[in-house]
Amino acid sequence: MTKAIIKTEKLCKTFSSAGIQQHVLKNLDICLLEEDFTIIMGSSGSGKSTLLYAMSGMDKPTLGTIDFAGENLAKLNNDQLAVFRRNHCGFVFQQIYLLDNMSVLDNVLASGLLVNKNKREVEEKAKELLNQVGIGENAWSKFPTQLSGGEAQRVGIVRALINSPKLLFADEPTGALNSAASTSVLDVFTDVNRNGQSIVMVTHDMKTALRGNRILYLRDGVICGDLQLGTYSEKDNVERHKKLKNFLAEMGW
Amino acid sequence: MSSAIKSSKISLQKWGGKVKIINLAMANIRKSKSATFSLFIFILVAALLLNIGLMVITQINTFFESKAEQLKDPHAIIMMDYANYHSSYGEFITKYPGVTESETEEMIRMNMAKFNFGNSELSTNVIIFNADTKRSIGPLNLIEKLNTYSSHDIFVPYSFKTNGGYQLGDHFTITYQDKEYEYRIGGFFETTMMGTNNMGVMKFMLPEPSYLKLADELSTQSEGLVISAILDDQTQSSTLKNNFFKEFHQSIEVNANIWGLDIEQVKSVTTLTINLLATILVAFAIIIVLVSLIVIKFRVANSIEDGVENIGVLKAIGYTSRQILSSMILQFIFIALCGSVIGIALSYVLMSFFGSIISTLSGLIWTQTFGLMANLISIFFVTLAVLIVTLLSAFRVKKILPVAALRGGIQTHNFRKNRVPLEKARGGLHFLLAIKSTLANAKQNMMILFIIIALTFASVFSAVSYYNIASDKTAFVDLFGVEPANVYVIIKPDVDIRELLSHIEQMEYVRKVNLLDKIQTKIDGQIVYTNVTNHYDRLENNIVYEGRQPKYENEISISWVVSNQINKGIGDTVEVEFENETASFLVTGISQLIHHSGQVAALTLEGIQQLQTNYKGFTLNVYLDGISNKDFIKNVQEQYGDYLVGTVDIDENIESETSMYTDAVFAVLLTVLAITVLVVVMILYLVIKTMIIKRKKEFGVMKAIGYSTMQLMHQIAISFLPVIITGVTIGGALGYFFTNPVLAVLLSSAGVKRLDFTIHLPTVLLLCIGILLLGYLVSMLVSLKIKKITVHSLMTE
């Protein structure tokens, strides 16, 4: 039986500004399983990204618990969270956020060497992963500004995977890419998931969502739909698409 | 009519343009409040110090001159023993062209009297006047006095309060010829002549009964006369004095006790240290102005690079390059004007503090006046410098085309080379990332480098000055030409000095004994204080800076002052007169010293014996090791008291004479160090804050991938270390090698030709390490700001 990787209980997040409180997440009880490719969908302002950042320890919840790899993230301080993130989480951002004063290889190493001090091991792994996502040796010494969007995002994925995270978080990773680049990036996600990597991804794109095996739908800070879509396969894509479309229609998307 | 409408339209357009420029400038200021504030503080501090320095430099001479006028002090005085007086002296002075008033008055002269001054005992010549004598020149002007009268009252110069540690009513003892005279401080008076202990003579006043009583008690040898003169042009006072001695040099016996002081000479000695301190303040102000200019250059370059798209938009909607340029200039001119005007206003508040230093050094009450010229120079200098640098830095705005600016602007980083690649470079991850950051911000780091160099140099310069003037005074005292022995003993004329020298040399704790007399001779007609010893190489203060001290009986060294007066140098022959005998000597060296107005020469014992065959000498300089001067004096008095005229504790004398400099130099040192700390803190604050804002996303990403706040803080702090280390190393080295030459230049007007202040390498290193640690600590504290920002907000804000 598949184990839970994250469990939240009564997870709340409230933002306050000028005396006005905005309850973005409301008493969320979520359980994400190992090796799942979970997709979080919802309309704008529904709290998708807030939920992702709270579960990943990038932001602190206002109330509730987040049980991740045996740790309650809500109780960790900022530095403990940083250590937790480097050991257990990988992140892929919509804006990619590669460090633009570093080469491709250095971007990956800057993350990998944080956990593993053995430079040779990290370097070998980085090169292997870069090759796996289609970033050849000739691009390793390039700077992020010299890469295409798709290439840069694939480097971003490698950076996220370099420390073998328990869970890979992705916040609309294809949001800033064109169609061809999106497909190449999504293929990478699919591949790594097939190899056992747990992923949780926020998206509002149906094509992207089809890659997941579970869809959570968020509305006004509450989970109002949970669809089991099964493991991704190109063969039953039409079937999956129909199922997802019906689900989203049901959710009022 | 139509032309009037047209011209009003044009003026409205012009006004509209000006408003736009002002709006842009104000928007820029609002956008960078903390950077504006830092720059404002720098300019404020620079203008403040500059104005204080300039006001002192421009006002000190006038202050001294107007004090002399206000107190009706003499411009020139000739003092002599009663026995040496001749009526023609008074006539000469009275009839001298330009003398408006002259007066001859009796006084009591004490040659080397002792009294406590500050924390030590001072041995100096003392002149005592009758306080109740009606005089028109230099009347008694008590600024503080006791309400009650005592027959033991004495009136002393104001420096006894500011520097000597005395209060009204305090007990005051003068020791003269082994006898103590007890008095009570009845009042303090202001005087420009003989009011401080830096002219080798001080004046006191006694009420008539006490004066007459003292005159009765002392021998007739202590009776003297003073001829005072006031000139319509006080700058002629030195000429009057010199002409007096030229006129009577035939009739004045060489060993006659007759000497003179003139107001110009007193003014230059009294204002020497004040001018030096003011010059240091001006120099430091210029350093801070340079720091401000570097900051402005950096800020202008940054604002163009960061705001190139805004510049593009402004140009696209019709702003001219000139308007954009003007807004930048206006922004910095506004800060410069505000900073300098407020700094100048504050300088008047701080002048009361500097005024107290002036009072300590001059013994005169400083009255602050409005220094319009200094104020205008300060504002003009600061504003003009800011204008030029802003204009030069912002000029490239003109070359930016709107399209190019809107399409992503100027390439601000050079990515062609991946400096310090992580896979190849050796070292820890955080260290390597810090070095990457250092190299990526080369321009900004150059700015910090120059600032740290300047500040380290200024700190080393101040610390060295403080160490040598206030702590270990040896090198400072050497400038005065004092031989750094511990005690000197004056021998009775009939004693065999060689035998006594060897006896004293045998005493316990005595390291060395030298014969070193100071006698009066005439060299080519000039009265000169002349040192006499048998071995100049045994002395520890070699005052000759060119050539050498005399070795043989026909050789002499003269000071550069004497050299200028008689127009002779090394290799020339001079006529030396002593005890009615004259002989020729060859000049072998030129010396420097501040004492005796620089009128000093040096002969060998054999040399003086050519003029007086039975000359044996009368002063022994004793160098001690492992015993206090007081204990030694007690021992030598017990064992050889019968052979001695007296003893003088040289260390205490020096301590007493230099104590006035200690507080002043300490105040300047503290100012320099405080400002160094302030500038280092503010520069790093400014740079790191800007850096965090600029690299917010980068830090957010790094936090997201697992870097802790502490790791990022260390990275930021370490990234500044190479530049701070280089800065303190260069600044420290410059301080180590150039403090003496710079000080020599600053003191050259006082007659210093060579300066050899002690510079302790460990102290310089400690100071450099201190600045380095301060830099690291400040970097860590400022970068603590990252802690408060969440990862999410770092990336998304």
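**Close-up 1. Contact between helices H5 and H6 of chain A in the predicted model.** From H5(A), the contact uses A:Gly149, A:Gly150, A:Gln153, A:Arg154, A:Ile157 and A:Leu161. Facing them in H6(A) are A:Ala181, A:Ser184, A:Val185, A:Val188 and A:Val192. By class, six residues of this contact are nonpolar, four are polar and one is charged.

**Close-up 2. Axis geometry of the H5(A) and H6(A) pair.** Two packed helices are described by the angle between their axes and by the distance between those axes. Here H5 spans residues 149-161 of chain A, and H6 spans residues 179-194 of chain A. Their axes come within 8 Å and cross at roughly 20°. Because angles under 35 degrees count as roughly parallel, H5(A) is roughly parallel to H6(A). The crossing of H5(A) past H6(A) is right-handed.

**Close-up 3. The side of chain A that touches chain B.** Chain A brings 26 residues to the contact, and chain B brings 26 residues. On the chain A side, helix H2 (78-88) and helix H3 (104-115) each supply at least two residues. H3(A) gives the most, with seven residues. The chain A side divides into 13 nonpolar, six polar and seven charged residues.

**Close-up 4. B:Ala46 and B:Ile288 in the largest nonpolar core.** This core has 281 residues. Within the core, B:Ala46 and B:Ile288 touch the most other members. Helix H7 (residues 263-306) of chain B provides the largest share, 21 residues. Beyond its neighbours within four places in sequence, B:Ala46 is in contact with B:Ala285, B:Ile288, B:Val289, B:Ser292, B:Gly343 and B:Val382.

Close-up 5. B:Asp81 has 17 other C-beta atoms within 10 Å, so B:Asp81 is partly exposed. Burial would need 20 or more such atoms, and exposure 12 or fewer. Leaving out neighbours within four places in sequence, the contacts of B:Asp81 are B:Arg109, B:Gln221, B:Gly224 and B:Asn257. B:Asn257 lies 176 residues from B:Asp81 along the chain. The C-alpha atoms of B:Asp81 and B:Asn257 are separated by 5.8 Å.

Terms used
Residues are numbered from 1 along each chain as its sequence is written. Chains are lettered from A and ligands numbered from 1 in the order in which they are written. This is a predicted model: local features need pLDDT of at least 70, side-chain atom pairs count only at pLDDT 80 or more; totals for chains, interfaces and linings use all residues. Axes are lines fitted to C-alpha atoms, for helices over the stretch in contact, and angles run from 0 to 180 degrees between N-to-C directions. Helices (H or I, at least four residues) and strands (E, at least two) are DSSP runs, numbered from the N terminus. Angles under 35 degrees count as roughly parallel, over 145 as roughly antiparallel, 65 to 115 as roughly perpendicular and the rest as oblique. A crossing is left-handed if the near helix is turned anticlockwise from the far one by less than a right angle, and right-handed if clockwise. Two residues are in contact if their C-beta atoms, placed from the backbone, lie within 7 Å. Ala, Val, Leu, Ile, Met, Phe, Trp, Tyr, Cys and Pro count as nonpolar, Asp, Glu, Lys and Arg as charged, and the others, Gly among them, as polar. A nonpolar core is a set of buried Ala, Val, Leu, Ile, Met, Phe, Trp, Tyr and Cys residues joined through C-beta atoms within 7 Å.
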